[in-house]
Amino acid sequence: MGISKYEKVIDYAIKKGFLWQSYEIYGGQAGFYDLGFLGVLLKNNIINLWREFFIRRHQEFVIEIETPVITPSIVFKASGHEENFTDYAVECMQCHRIFRADHLIEEKLNVSIEGLPAEDLERLINENNIRCPICNGMLGNVKKFLLLFQTYIGPYSPENLAYLRPEAAQGMFINFKRVYDLARRRLPLGIAQIGKVARNEISPRQGPIRLREFTIMEIEFFYDETNPSCDLLYDYCTEEKILILTAEQRQRGEDKPISISPAEAFNDGIIKSPWLAYWMCISNKFINALGVPNGYSYFEEKLPNERAHYSKQTFDQMVVVDKWGRVEVSGHAYRHTYDLERHIMFSKADLYALRQLKTPKTIKRIDIQYDKMAILKTFGSRAGEVFKAILTTSKDELLKIISSTQGDNIVLNNITIPKNIFNIVEVEEQQWVERFIPSVSEPSFGAERLMYIALEYAYNEQEDRIVLRFPAKIAPIKVGVTPLVDREPLKQFARKVYEILKEHYYVLYIEGGTIGKKYALADELGIPFIITIDYDSISNNDVTIRERDSKRQIRVPFSDLLKVINLGLNNHDIFSIGYPVIEYYS
RNA sequence: GCGGCGGUCGUCUAGCCUGGUCUAGGACGCCGGCCUUCCAAGCCGGAGAUCCCGGGUUCAAAUCCCGGCCGCCGCACCA
């Protein structure tokens with residue numbers, strides 16, 4: 001099989017100090033990675049690019065918040081994670097294969113056994129003599145795996161169980177009402193969050209691809225199902241195609257995705273939520289901007305049994321990678337009203353949105369009126385007690401008492417009151433506003449996986465050298481500066497340029513070795529532009545700018561340097577703006 | 001968790017089978033010096049290794065044995 005690109009990229013990334021395994025001096029710990037300075041720069045650039053695509057460009061209706069990682073257990077009871085993030089595994093005593101205990105039982109007995117504890121599963125296995133489906137050996141004890149990290153809040157409160165969040169989403173759901181109010185109760189509304197999450201994976205083995213702690217970038221996008229207001233989908237997502245491998249296709253065993261525009265996919269019912277489609281459209285553009293060309297990523301619809309408990313429809317955005325064929329970089333879940341409903345149920349909080357109706361809804365309800373004058377006349381000085389009795393009884397209850405009592409009188413607080421004092425009427429009310437639970441579509445990205453993707457797609461081997469072809473926007477170091485040879489006065493000039501550029505960018509100043517070696521070093525770090533100071537620079541007060549991928553250079557007056565670098569870093573073609581282009585010095 | 005394979009300067013590795021000559025050799029990289037006017041030239045010098053950890057066998061362990069840790073591959077897991 002040979003060494004895969006993954007190994008090469010990771011070797012390279014470790015060597016250059018992008019990342020390395022955490023807790024090395026104690027032997028390391030699987031599922032955790034540290035970032036070095038290049039890694040931090042790259043990750044921050046990716047996060048900021050995500051912010052640009054998903055938040056800044058939608059700032060009228062997408063709002064970023066930040067909420068804690070440590071979360072009281074009640075939140076994940078409500079969200080369903082406490083129940084659904086638990087796996088029950090059982091091992092065959094004979095062949096040592098491991099199976100999901102619940103899956104085995106459900107298959108064999110054809111019943112749903114959600115939420116049963118380990119002892120019950122074990123009992124079911126024994127009672128029904130369920131054996132290993134491969135070798136028919138006896139099965140061992142059922143073991144429980146909780147994929148949430150547990151902790152306790154406060155030193156004296158071991159009963160205050162808490163979890164590290166496995167997704168940032170719950171922080172957004174919990175804050176829905178507050179942000180909705182801040183946004184002047186307008187939908188659609190996106191709440192975005194970027195932060196650390198933790199999942200206690202059983203055996204993470206794919207380096208930075210599968211971590212126990214990672215950075216998630218999510219939007220919970222709330223909208224009115226009856227009025228999605230998703231014009232953007234038709235404004236921006238009708239031309240460009242995305243690739244989708246539908247659940248139907250997968251069930252038929254097909255693996256060739258269809259090519260369709262997001263707007264079309266929604267119209268055809270392939271994507272069930274317009275906003276899910278819109279964010280998939282943006283996600284596709286975003287992945288392109290990280291250096292993944294069209295055709296190298298697609299959306300895979302999850303089968304119903306593969307979906308998370310909260311999702312009505314899920315697409316995983318897959319990017320083609322050398323080692324595993326593809327890797328999931330984002331999940332797009334149509335969470336619908338599930339989470340808000342659950343939090344309303346558990347917290348009793350009002351997490352409803354309001355909808356203005358075009359025509360008022362007429363609501364009929366029964367009302368009880370009573371004759372104040374008659375009460376005064378009948379009860380005289382005791383009227384006050386009667387009013388109190390009536391007011392402290394709820395309308396529903398009063399209605400029940402009146403309708404269920406035979407005869408002409410009812411008894412309230414030991415006071416006998418004639419029925420004819422009450423008048424039961426049907427009133428019609430017009431409602432212009434309606435409460436409802438908004439629907440949610442969620443795009444969710446893992447930052448570290450994107451880092452790996454960016455590295456793998458940037459990684460190029462040219463003869464015996466490595467060039468990292470990062471898009472300028474995410475390149476950790478933006479500019480290099482070097483004297484052509486390490487002699488004065490070139491060094492002095494180069495250092496001056498370095499000092500100026502440092503004000504604006506991360507810059508690498510290079511001395512030592514030959515010019516070829518310096519360029520190679522800069523290419524290896526993915527630096528998009530390198531500025532060389534030669535002897536002509538001294539006499540003409542200008543510099544050369546070399547572009548990483550083409551190796552071509554232009555000669556630019558010193559005074560224009562910043563302007564040109566800025567253009568270059570913003571994806572303008574610096575070779576077509578009029579400065580002399582040098583294909584190659586010899 | 002189970003099974004297979006592996007772990008030696010920063011990196012890649014020689015040595016392990018057949019214990020001693022290994023105060024562990026080399027290359028790349030790094031540091032210092034010389035040289036160098038455009039794509040990883042050359043020369044000189046230097047620093048750099050708990051041989052993964054612990055225990056055992058032995059006069060003697062990088063080398064043999066046991067346990068542990070970590071990694072890779074397969075089973076399983078991966079909302």
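This briefing describes aromatic ring contacts, charges over rings and cysteines in the structure above. The model is a predicted one.

**Aromatic rings**

- In the pair formed by Phe-53 and Phe-286, the ring centres are 5.6 Å apart and the planes stand at 65°, so the pair is edge-to-face.
- Because Phe-53 belongs to helix α2 (residues 37-55) and Phe-286 to helix α12 (residues 274-289), their pair ties together parts that are 233 residues apart in sequence.
- Phe-53 and Phe-286 are both buried, and ring pairs link them into a cluster whose members include Trp-50, Phe-54, Phe-61, Trp-275 and Phe-445.

**Charges over rings**

- The ring of Tyr-519 has the charged end of Arg-546 sitting over it, 4.5 Å from the ring's centre.
- Over the face of Phe-575 lies Arg-552, at 4.0 Å from the ring centre.

**Cysteines**

- The disulfide is formed by Cys-237 and Cys-281, whose sulfur atoms are 2.4 Å apart, and with -100° about the S-S bond this link is left-handed.
- Distant parts of the chain are linked by this pair, since Cys-237 is in the loop between α9 (231-236) and β12 (242-245) while Cys-281 is in helix α12, 44 residues apart.
- Cys-237 counts as buried at 0% relative accessibility, and Cys-281 is likewise buried, with a relative accessible area of 2%.
- Cys-230 is in no disulfide, and the nearest cysteine sulfur, which belongs to Cys-237, is 7.8 Å away; Cys-230 counts as buried at 6% relative accessibility.

Definitions and conventions: Residues numbered from 1 in each chain as written. Chains lettered and ligands numbered in written order. Predicted model: local features only at pLDDT ≥ 70, side-chain atom pairs only at ≥ 80, totals over all residues. Heavy atoms only, no water. Phe/Tyr/Trp six-rings, centres within 6.5 Å; stacked < 30°, edge-to-face > 60°. Helix = DSSP H or I, 4+ residues; strand = E, 2+ residues; numbered from the N terminus. Buried < 20%, exposed > 50% of the residue type's maximum accessible area, 1.4 Å probe, protein only. Lys NZ or Arg CZ within 6 Å of the ring centre and 35° of its normal. Disulfide = S-S within 2.5 Å.
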